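Subject: Handing over a structure, with notes

Hello,

I am passing a structure on to you, with my notes set out below it. Please look through the sequence and the model before you read on.

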Amino acid sequence: MSKNHRVEHYETIIIGSGAGGATLAKELTENGRDVLVIEKGEHFSSFGTFENLLQYHDASNTNKGLRYSQEGVMLLRTYMSGGSTVVSCSNGMRSLEKELADLNIFLEDEFTDAESELAISPVSEHLLSSGSRAIRNASAELGYTMELMPKFINQTRCSSCGNCIAGCQYGAKWTAIDYLEQARSNGATILNNTTVYEIMTVNGSVKGVRVSSNGESRKILADRVILSAGGLSTPTILFRSGIRNAGSGLFCDTFVNIYGVTSALNQIREIPMALVSRDFYQKEGFILSTYITPMNISRFAELGPQSLSVPLDKMIGLMVKIRDERSGIVHPDGSITKPVTIEDQTKLKKGISLVKEILTKAGADENSFLVSKYQGAHLGGTAAIGEVVDNNLQTEIKQLYVCDGSVLPVAPGLPPILTIIALAKRLAKTLH
Ligand SMILES: Cc1cc2nc3c(=O)[nH]c(=O)nc-3n(C[C@H](O)[C@H](O)[C@H](O)COP(=O)(O)OP(=O)(O)OC[C@H]3O[C@@H](n4cnc5c(N)ncnc54)[C@H](O)[C@@H]3O)c2cc1C
């Protein structure tokens with residue numbers, strides 16, 4: 001960084017420190033590049049509690065607690081160092097390999113590299129709860145397969161508290177903070193609590209960014225900017241920077257959780273999403289995965305007041321997660337349209353009826369089922385490859401790149417973190 005009349009200048013500015021941003025920061029600094037990471041959220045060091053959850057989950061339209069689309073879909077993400085990876089369920093699966101290869105983006109080497117760095121391995125049998133075992137047996141009797149989910153968790157450190165979505169207090173889970181800290185020790189500068197408002201340009205090329213922190217606005221100059229602010233924030237920054245076709249085509253891998261009451265089984269002391277069925281992925285466009293959160297606040301958010309009366313120690317649950325249509329729009333003012341289309345509803349209904357069949361066979365009372373609100377946590381498609389960026393992830397503004405969930409061309413319906421990391425590793429190679 002050089003100071004020039006008190007104006008800061010960096011070779012590369014990365015906006016956001018989640019899956020895309022932190023990976024780029026690590027990869028570029030490993031090759032000696034001069035990098036500034038600008039992160040809107042705080043650098044937290046305490047995770048896993050109810051209070052922590054409230055600190056970093058995006059609750060921008062606060063009258064409803066969390067962020068919702070205008071049609072009522074709950075959209076989950078965080079503002080913090082490490083982005084939404086910190087609250088992930090640590091599912092580490094390849095997704096969209098074929099769709100990206102069709103766009104001449106081949107990620108085999110990058111996937112292999114990421115899988116090794118994140119030490120991905122299937123959930124250990126001994127960490128499965130009685131509820132999940134019963135669900136697996138019931139599924140097998142009905143002719144469906146439940147596999148052990150591949151995770152980026154150091155399972156010897158996992159306490160099976162089940163609170164992954166509040167961050168891991170035992171340090172068992174990989175998060176993008178791990179990459180961010182490697183970038184810091186390689187020499188990256190990291191600015192927290194600083195929001196990027198727009199990209200500044202001159203003659204169609206990047207000049208820098210305009211940021212605000214503590215109510216003050218300032219400019220930071222750069223030769224290159226990489227936007228990794230996530231599927232909802234990236235398009236609003238692009239709009240303000242003059243790229244008008246960003247924001248449409250939002251997907252979120254819409255999901256619902258279905259819970260049933262049993263006489264003795266439960267899943268409370270378990271990593272969420274420990275088992276997954278991909279039997280219906282190719283033909284029907286959805287997956288099923290064991291899911292229950294022990295946190296009252298999360299169950300209240302998705303089920304409302306009826307969540308207060310459920311006997312947590314006797315509940316089992318499964319999630320239905322679909323490859324939704326790219327039907328949403330992030331508007332220039334940040335408001336979000338995201339309906340659940342007729343096609344999406346058809347997929348969800350089919351999944352819910354399969355789940356009820358499985359849970360009943362596993363021992364749940366068929367009159368006890370509760371179905372959550374529509375939710376989405378895989379936000380993307382709003383600056384898609386082939387629409388807003390080319391297949392090197394560059395925008396129409398020279399030296400302005402996007403690398404996060406927004407560039408994904410279709411809904412994965414599977415965990416996106418590994419794919420976003422692989423794309424970031426590929427981009428870093430082209431920028432060396
Ligand atoms: C509860 C939950 C569980 C999940 N579980 C899994 C899972 O098990 N496996 C999986 O693969 N995926 C999971 N996901 C999805 C996954 O976390 C995201 O898809 C992924 O983190 C997206 O990466 P990203 O780089 O697009 O954005 P993010 O990781 O969200 O990072 C964006 C960053 O940009 C920052 N930012 C935003 N606006 C600005 C601004 N204006 N200026 C500066 N900084 C800004 C944010 O604070 C954030 O740090 C889960 C998501 C949630 C919410």
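This is a predicted model: local features need pLDDT of at least 70, side-chain atom pairs count only at pLDDT 80 or more; totals for chains, interfaces and linings use all residues.

Residues are numbered from 1 along each chain as its sequence is written.

The helix pair

With that term in hand, α4 passes α11 in a right-handed crossing; helices here are DSSP runs of H or I with at least four residues, strands are runs of E with at least two, and both are numbered from the N terminus. Helix α4 covers residues 108-117 and helix α11 residues 417-431, and the two pack at an angle of about 120° with their axes 8 Å apart, where axes are lines fitted to C-alpha atoms, for helices over the stretch in contact, and angles run from 0 to 180 degrees between N-to-C directions. On the α4 side the contact is made by Glu110, Phe111, Asp113 and Ala114, and on the α11 side by Leu418, Ile421, Ala422, Lys425 and Arg426, two residues being in contact if their C-beta atoms, placed from the backbone, lie within 7 Å. By class, the residues of this contact divide into 5 nonpolar, no polar and 4 charged; here Ala, Val, Leu, Ile, Met, Phe, Trp, Tyr, Cys and Pro count as nonpolar, Asp, Glu, Lys and Arg as charged, and the others, Gly among them, as polar.

The two domains

The domain assignment gives domain 1 as 1-43 + 80-118 + 174-250 + 378-432 and domain 2 as 125-163 + 252-377, with bounds that come from an automatic or database domain assignment. Taken over C-alpha atoms, the centres of domain 1 and domain 2 are separated by 30 Å, and the contact takes 24 residues from domain 1 and 28 residues from domain 2. On the side of domain 1 that touches domain 2, α7 (230-240) and β12 (248-250) each supply at least two residues, and α7 gives the most, with 4 residues. That side of domain 1 has 13 nonpolar, 11 polar and no charged residues.

Strands around β11

Strand β11 (residues 216-227) is joined to strand β2 (residues 7-15) by 7 bridges, and the two run parallel; strands are said to pair if DSSP finds at least two bridges between them. Within that pairing, Thr12 stands opposite Arg224 and Ile13 stands opposite Val225. Strand β2 is also joined to strand β3 (residues 35-38), in parallel, by 4 bridges, with Ile15 opposite Ile38. Strand β10 (residues 205-213) pairs with β11 in the antiparallel sense over 6 bridges, and these two strands form a hairpin with 2 residues between them, in whose turn Asn214 has a positive phi of about 50°. In parallel with β11 runs β21, joined to β11 by 3 bridges, and Leu227 has Val402 as its bridge partner in β21.

Leu400 lies in strand β21 (residues 400-402) and is buried, with 24 other C-beta atoms within 10 Å, since the term applies at 20 or more such atoms, with exposed meaning 12 or fewer and partly exposed in between, all C-beta atoms being placed from the backbone. Not counting residues up to four places away in sequence, Leu400 touches Ile199, Val206, Val225, Leu227 and Thr395. Leu400 and Ile13 are 387 residues apart in sequence, yet 9.8 Å apart in space, C-alpha to C-alpha.

An open sheet of 3 strands has the order β12-β17-β18, with antiparallel pairing. Because β12 and β18 (336-337) stand at the edges with a single partner strand each, one side of each is left without a neighbour in the sheet.

Most residues other than glycine have a negative phi. Asn104, however, has a positive phi near 65°; this residue lies in the loop between α3 (97-101) and α4 and, with 8 C-beta neighbours inside 10 Å, counts as exposed. Asp253 has a positive phi near 50° and is placed in the loop between β12 and β13 (255-261), where Asp253 counts as buried, with 23 C-beta neighbours inside 10 Å.

Best wishes

Conventions. A crossing is left-handed if the near helix is turned anticlockwise from the far one by less than a right angle, and right-handed if clockwise.
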